[in-house]
Amino acid sequence: MLSPERLALPDYEYLAQRHVLTYMEDAVCQLLENKEDISQYGIARFFTEYFNSVCQGTHILFREFSFIQATPHNRASFLRAFWRCFRTVGKNGDLLTMREYHCLLQLLCPDFPLELTQKAARIVLMDDAMDCLMSFSDFLFAFQIQFYYSEFLESVAAIYQDLLSGKNPNTVIVPTSSSGQHRQRPTLGEASVLEGVEASLFYQCLENLCDRHKYSCPPPALVKEVLSNVQRLTFYGFLVALSKHHGINQALGALPDKGDLMHDPAMDEALERLLPKEKRH
């Protein structure tokens with residue numbers, strides 16, 4: 001049976017929303033690159049296995065970063081894969097540095113950019129040195145926000161900077177290349193007694209931004225909820241609030257709630273089958 005969402009949209013719009021063309025193009029590229037191997041078991045089987053892997057979220061493993069970030073589904077799949085592969089870090093209570101988390105990310109995506117890992121770590125560490133230790137859960141939820149909503153946060157950073165400098169908040173802001181998070185904080189000389197910006201004014205600026213970022217921004221109602229709890233806030237204070245918001249995590253749908261982060265029955269069962277009996281105890 002077709003979903004209500006599918007029935008409400010024209011075919012071309014539904015296909016565009018689900019990025020079907022992206023996957024078709026990638027499947028054809030994979031087919032051409034491996035045509036000798038694929039010829040042994042047939043093209044139909046190849047396409048079946050390819051789209052099964054897309055549905056299961058395993059299609060992003062060991063792929064280039066440009067593909068991993070190409071669609072919201074790919075980003076969510078990568079987040080889920082990172083959690084499932086390395087949750088034992090949290091289970092064991094290990095604390096790692098930003099560089100160590102980056103090495104883990106590169107095990108799944110060899111060309112994963114260091115800059116994204118640094119930005120995620122900054123949400124956790126704030127003013128602490130970048131070589132400080134972080135728990136798995138703290139890093140994971142900060143990384144989720146930074147990775148999944150990266151373009152949105154670049155624009156938010158530009159808006160925040162303009163508000164700090166007193167520019168018109170209703171001006172449409174389009175950040176250039178990497179105008180983003182490395183420049184959103186004022187220097188100590190610029191900081192005022194009232195730190196940050198007024199939350200209500202900040203939200204007014206973000207309303208239109210959420211409309212423009214249909215596939216990569218938190219639900220506007222939840223952004224409003226985050227900003228309605230404070231009178232003023234800093235840019236990183238906003239990111240911390242997003243990373244810790246239960247509703248935003250649920251809306252994104254890639255990770256379990258924080259209380260269930262160390263539990264993955266399906267993965268545990270698979271590991272049980274792989275491990276020799278004498279090593280389970």
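Visitor: Hi! Which hand does the crossing of H7 and H8 have?
Guide: Hello! In this predicted model, H7 and H8 cross in a right-handed way.

Visitor: And at what angle do H7 and H8 pack?
Guide: The angle is about 125 degrees, and the axes are 10 Å apart. H7 covers residues 72–91, while H8 covers residues 98–108. The two helices are therefore oblique to each other.

Visitor: Which residues make that contact?
Guide: H7 brings Phe78, Ala81, Phe82, Cys85, Phe86 and Val89. On the H8 side you'll find Tyr101, Leu104, Leu105, Leu107 and Leu108.

Visitor: How does the contact of H7 with H8 divide by class?
Guide: There are 11 nonpolar residues, with no polar and no charged ones.

Visitor: Let's stay with H8. Which of its residues are buried?
Guide: Met98, Tyr101, His102, Leu104, Leu105 and Leu108 are buried in H8. These residues span an arc of only 155 degrees around the axis, so they lie on the same side of H8.

Visitor: What sits on the face turned away from the buried side of H8?
Guide: That face carries Arg99 and Leu107, which are exposed. Leu107 also takes part in the contact with H7.

Visitor: What do the buried residues of H8 pack against?
Guide: They have several partners: H7, strand E1 (95–96), helix H9 (114–125), strand E2 (134–135) and H10.

Visitor: Tell me about H9, then. How do H8 and H9 pack?
Guide: Their angle is about 130 degrees, with the axes 10 Å apart. H8 and H9 are therefore oblique to each other, and H8 passes H9 in a right-handed crossing.

Visitor: Which residues meet there?
Guide: From H8 come Met98, Arg99, His102 and Leu105, and they meet Leu114, Thr117, Gln118 and Ala121 of H9. By class, this contact has four nonpolar residues, three polar and one charged.

Visitor: Changing topic: how do H10 and H14 cross?
Guide: Helix H10 (residues 136–148) and helix H14 (residues 235–244) cross at roughly 110 degrees, and their axes come within 8 Å. That angle makes H10 and H14 roughly perpendicular to each other.

Visitor: On to backbone angles. What is the phi of Phe62?
Guide: Phi of Phe62 is near 65 degrees, a positive value in a residue other than glycine. For background, most residues other than glycine have a negative phi.

Visitor: Where is Phe62, and is Phe62 buried or exposed?
Guide: Phe62 belongs to the loop between helix H5 (43–56) and helix H6 (65–68). Phe62 is exposed, with a relative accessible area of 57%.

Visitor: I also have Glu49 on my screen. Where is Glu49 found, and how far is Glu49 from His59?
Guide: Glu49 is in helix H5, and is partly exposed at a relative accessible area of 37%. Glu49 and His59 are 10 residues apart in sequence, and their C-alpha atoms are 9.9 Å apart in space.

Visitor: Let's zoom out. How many helices and strands does the chain have?
Guide: The chain has 16 helices and four strands. Of its 281 residues, 42% count as buried.

Visitor: And what share of the contacts join residues at least 24 apart in sequence?
Guide: Taking contacts in the chain between residues at least 6 apart in sequence, 67% join residues at least 24 apart.

Methods:
Residues numbered from 1 in each chain as written. Predicted model: local features only at pLDDT ≥ 70, side-chain atom pairs only at ≥ 80, totals over all residues. Heavy atoms only, no water. Axes fitted to C-alpha atoms, helices over the stretch in contact; angles between N-to-C directions. Parallel < 35°, antiparallel > 145°, perpendicular 65-115°, else oblique. Left-handed = near helix turned anticlockwise from the far one by under 90°. Contact = heavy atoms within 4.5 Å. Nonpolar A, V, L, I, M, F, W, Y, C, P; charged D, E, K, R; others polar. Buried < 20%, exposed > 50% of the residue type's maximum accessible area, 1.4 Å probe, protein only. Arc of directions from axis to C-beta.
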